[in-house]
Amino acid sequence: MLEKLQAIARRLDQVERQLSDPAIYADREMLTRLSREQKELTPIAAAFRAWQQAEDDCAQAQELLTDPEMRELAQEELRRARQERDRLSEELKRLLLPRDPNDDRNVILEVRAGIGGEEGALFAADLLRMYALYAERRGWNMELVYENTTELGGVKEASATIEGQGAWSRLKFEAGTHRVQRVPETESSGRIQTSAATVAVMPEAEEVEFTIDPKDLQIDTFRSSGAGGQHVNKTESAIRITHLPTGTVVECQYKNKDRAMKILRSKLYEAQQEKQNAAIAAQRKSQVGTGDRSGKIRTYNFPQNRVTDHRLTGDAKNFNIAAIINGDLDPLIDALTLANQAQRLQEGTEKGE
């Protein structure tokens with residue numbers, strides 16, 4: 001690990017020297033690439049320098065232990081320096097974990113009502129709003145591409161694009177079944193009902209990564225359904241794009257045809273990636289971060305004012321429901337990110353890496 005860290009520090013010095021050259025600003029592509037590399041390497045190099053300082057502090061304190069007058073002070077300094085060195089060692093292990101190549105990509109988000117009838121659709125609408133508020137907090141742009149609504153304002157299914165720095169890195173843990181326990185608006189007796197909605201999250205694929213032959217597409221025009229108002233207008237033209245070789249279907253309002261093609265391309269790209277990674281995924285011991293859509297990942301319990309993420313453990317798995325449903329997802333996503341990193345570190349230890 002030490003050799004790798006030294007190489008990273010040297011590379012960062014090279015990148016910063018290149019960026020200090022005014023001539024680099026004439027090459028926008030090179031400037032972007034170097035700036036991105038600088039951003040990725042800086043936290044690793046900073047942690048490495050701090051680790052080296054802690055190592056030096058340990059050595060100096062060790063020398064002072066031989067001085068009777070300085071021994072007590074040196075013992076305290078040695079304890080502090082060792083504690084800091086060990087903390088930084090763990091931090092460096094996390095920073096050196098292989099980076100998800102999709103982390104900086106935009107996201108395709110799909111929400112569908114599950115069990116629970118109208119209540120499931122209303123919950124799906126709540127989730128869609130939750131992600132819209134979270135995107136706003138992060139300064140991202142979220143655009144609705146397709147929405148099939150109910151008369152009471154629920155969402156049968158909806159798809160959206162989310163564009164912004166690190167969108168995939170933050171939202172990739174959201175894929176799965178979300179369950180809600182509450183008294184439905186449609187329930188007159190006050191009985192708590194359990195309903196669900198599913199969330200799919202895909203990294204947006206670039207056209208150069210997955211090309212689609214127009215001859216493989218069937219495009220049908222129809223009238224979209226919806227509740228009107230802020231939802232989909234019943235008279236608005238919509239299209240259904242079917243990829244004939246795979247049977248993959250994407251629906252959208254006609255004005256969003258270009259974005260629908262992005263969604264279709266991303267779906268086909270994801271299917272290709274899942275096929276390639278099937279053997280690796282089968283070996284994983286935990287579903288944290290895998291995007292498994294079939295499993296129940298989270299429960300929103302309104303009577304107990306609690307959101308529980310079932311991939312986490314202990315007190316760390318519970319969050320305030322009002323904050324979460326209003327888009328304050330960062331504490332939950334941070335916890336999932338740390339759990340994912342801990343899992344990957346453990347897997348690396350077991351493999352002797």
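## A residue in helix H9

Let's start with Ile333, which has its place in helix H9 (residues 330-350). Keep in mind as you look around that this is a predicted model. Is Ile333 buried or exposed? Its relative accessibility is 0%, and buried means under 20%, so Ile333 counts as buried.

Which residues does Ile333 touch, leaving aside those up to four places away in sequence? The contacts are Tyr134, Arg170 and Glu174. Take Arg170: along the chain, 163 residues set it apart from Ile333, yet the C-alpha atoms of the two are separated by 6.6 Å.

## Helix H4 and what follows

Now find helix H4, which covers residues 118-138. This helix has 21 residues, and from its first C-alpha to its last it reaches 31 Å. That is close to the 30 Å expected at 1.5 Å a residue. Just after H4 comes Gly139, with a positive phi of about 75 degrees.

## Aromatic pairs

How many aromatic pairs does a search of the whole structure find? The search gives 3. One of them is formed by Phe48 and Trp51, whose rings are stacked, at 6.1 Å centre to centre and with 15 degrees between the planes. Both residues belong to helix H2 (residues 28-64), where they are 3 residues apart, about one turn of the helix. Phe48 and Trp51 are both buried.

Phe123 and Tyr300 make another aromatic pair, this time edge-to-face, with 5.2 Å centre to centre and 70 degrees between the planes. This pair links distant parts of the chain: Phe123 is in helix H4, while Tyr300 is in strand E9 (residues 296-301), 177 residues apart. Phe123 has a relative accessible area of 0%, so this residue is buried. Tyr300 also counts as buried, because its relative accessibility is 0%.

## A charge over a ring

Phe302 has a charged neighbour. The charged end of Arg182 sits over the ring of Phe302, 5.0 Å from the ring's centre.

Finally, look at strand E7 (residues 237-243), which is mostly covered, with 5 of its 7 residues buried. Its partner is strand E8 (residues 248-253); the two run antiparallel and are joined by 6 bridges. If you want a spot to check, Ala238 stands opposite Gln253 in E8.

Together E7 and E8 form a hairpin, with 4 residues between the strands. In the turn you will find Gly247, which has a positive phi of about 80 degrees.

Terms used. Residues are numbered from 1 along each chain as its sequence is written. This is a predicted model: local features need pLDDT of at least 70, side-chain atom pairs count only at pLDDT 80 or more; totals for chains, interfaces and linings use all residues. Side-chain values use heavy atoms; hydrogens and water are left out. The expected span of a helix is 1.5 Å times one less than its number of residues. Rings of Phe, Tyr and Trp (its six-membered ring) pair if their centres lie within 6.5 Å; planes under 30 degrees apart count as stacked, over 60 as edge-to-face and the rest as tilted. Buried means under 20% relative accessible area, exposed over 50%, partly exposed in between (1.4 Å probe, protein chains only). A charge sits over a ring if NZ of Lys or CZ of Arg is within 6 Å of the ring centre and within 35 degrees of the ring normal. Contact means heavy atoms within 4.5 Å. Two strands pair if DSSP finds at least two bridges between them.
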